Amino acid sequence: VISHGQAADPFWSVVKNGVDQAAKDVNVRVEYRAPETFDMVRMAQLIDAAVASKPNGIVVSIPDAKALEKSITAAVKAGIPVVSMNSGSDAAERLGVLLHVGQTEYEAGLGAGKRMKAAGVKNAICVNHEVGNVALDLRCKGFFDGLGIKANVLPVKIGDPTGIKNAVDAALQKDPTIDGILTLGPTAAEPVLQAVEGKKITFGTFDLSPAVLKALSEKKMAFAIDQQQWLQGYLPVVILANYVRYGLLPANPVILTGPGFVTPENAARVIDLSKRGIR
């Protein structure tokens, strides 16, 4: 399994938990690999190395199809079955991937925008913590289309919570009319929670973390978009195992795991599963 997200990240640790559980359930050996940072050159190298080791199957995320196309198609040409997860639903079929497990990013962003519009938001920003990740670009585009306003993307650096908070603080000071913020993952959501403390701003995020769920339960956030990343790790391993053993494959080229919305009304139900590393 080769992803663009590190297993130590709160989001990707849940993906890896799904991978590990699937490995136990279907009795296979799985290695989880990822670059130390968001690095498409390094990720392509990891895919190439995996192809050279001639595994029975490969699972990949596809945050940038153009950057990873050569490596993924090389795996397919080598006769290695490939399933994609998390990002890349729009490119998977073209690259020869058997199927994709995840959510359609534009539609998820569109849903977030419509929710904020219904809440009365007029002027919002989308905080992008991985500039160059096509999936995140699609989330922001859908968000602004759902709101029906001009795009206003705030690029920040992943792994720099102080920098993220300061960037949002500066944006709010520059434009006091901002009344909505969408972050694209818990990595950005947690420092933004500090920036919006005490302010009348509708705040939503993609993905879950203990801090996000706590904020939801305390009504400090409007929603979090749940793509059930545990399933994104679990299902591809099970699918590949059954494909290699029996030639069985789901007919649908995309298995949707999201989007679902966690709100202050249902957050308590999810908190226990989060503690267990499943949500």
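Colleague: How do the residues that line the largest cavity divide into nonpolar, polar and charged?

Modeller: Rolling a probe the size of a water molecule over the atoms shows where empty space is left. On a 1 Å grid over the protein atoms alone, a cavity is a set of points where a 1.4 Å probe fits but cannot get out, and lining residues have an atom within 4 Å of a point. In this predicted model, the lining of the largest cavity has seven nonpolar, ten polar and five charged residues. Here Ala, Val, Leu, Ile, Met, Phe, Trp, Tyr, Cys and Pro count as nonpolar, Asp, Glu, Lys and Arg as charged, and the others, Gly among them, as polar. Residues are numbered from 1 along each chain as its sequence is written, and side-chain values use heavy atoms, without hydrogens and water. Since the model is predicted, local features need pLDDT of at least 70 and side-chain atom pairs count only at pLDDT 80 or more, while totals for chains, interfaces and linings use all residues.

Colleague: Which residues lie nearest the centre of that cavity?

Modeller: They are His4, Phe11, Trp12, His129 and Glu130, out of 22 lining residues. Helices H1 (10-26), H5 (134-147) and H7 (186-195) are the elements that give two or more residues to this lining. H5 gives the most, with three. The volume of the cavity is about 220 Å³, taken as the space filled by probe spheres set on grid points joined across faces, edges and corners. Helices (H or I, at least four residues) and strands (E, at least two) are DSSP runs, numbered from the N terminus.

Colleague: And what lines the largest pocket?

Modeller: A pocket is an open set of points with protein on both sides within 12 Å along at least five of seven lines. The largest pocket holds about 550 Å³ of space. Among its 20 lining residues, Arg29, Val30, Pro55, Asn56 and Gly57 lie nearest the centre. Strand E1 (58-61) and helix H9 (229-246) each give two or more residues, and H9 gives the most, with six. By class, this lining has 13 nonpolar, three polar and four charged residues.

Colleague: Let's turn to charges. How many salt bridges are there?

Modeller: Side chains of opposite charge can pair when their charged atoms come close. With a salt bridge defined as a side-chain nitrogen of Lys or Arg within 4 Å of a carboxyl oxygen of Asp or Glu, the count comes to 13. In one of them, glutamate 69 pairs with arginine 94, the closest N and O atoms being 3.3 Å apart. This pair links distant parts of the chain, 25 residues apart: glutamate 69 sits in helix H3, arginine 94 in the loop between strands E2 (82-86) and E3 (100-102). Glutamate 69 is partly exposed at 32% relative accessible area, whereas arginine 94 is exposed at 53%. Buried means under 20%, exposed over 50%, and partly exposed in between (1.4 Å probe, protein chains only).

Colleague: Which residues are linked in a network of salt bridges?

Modeller: Glu197, Lys214, Glu218 and Lys220 are. Lysine 220 meets glutamate 218 at 3.3 Å, N to O, and glutamate 197 at 4.0 Å between the closest N and O atoms. Lysine 220 is partly exposed at 41%, as is glutamate 218 at 37%.

Colleague: Where is aspartate 179?

Modeller: Aspartate 179 lies in the loop between helix H6 (161-174) and strand E6 (180-183). Aspartate 179 is buried yet has no salt bridge, and the nearest side chain of opposite charge, lysine 122, is 7.4 Å away.

How values were computed:
Lys, Arg positive; Asp, Glu negative; His and termini not counted.
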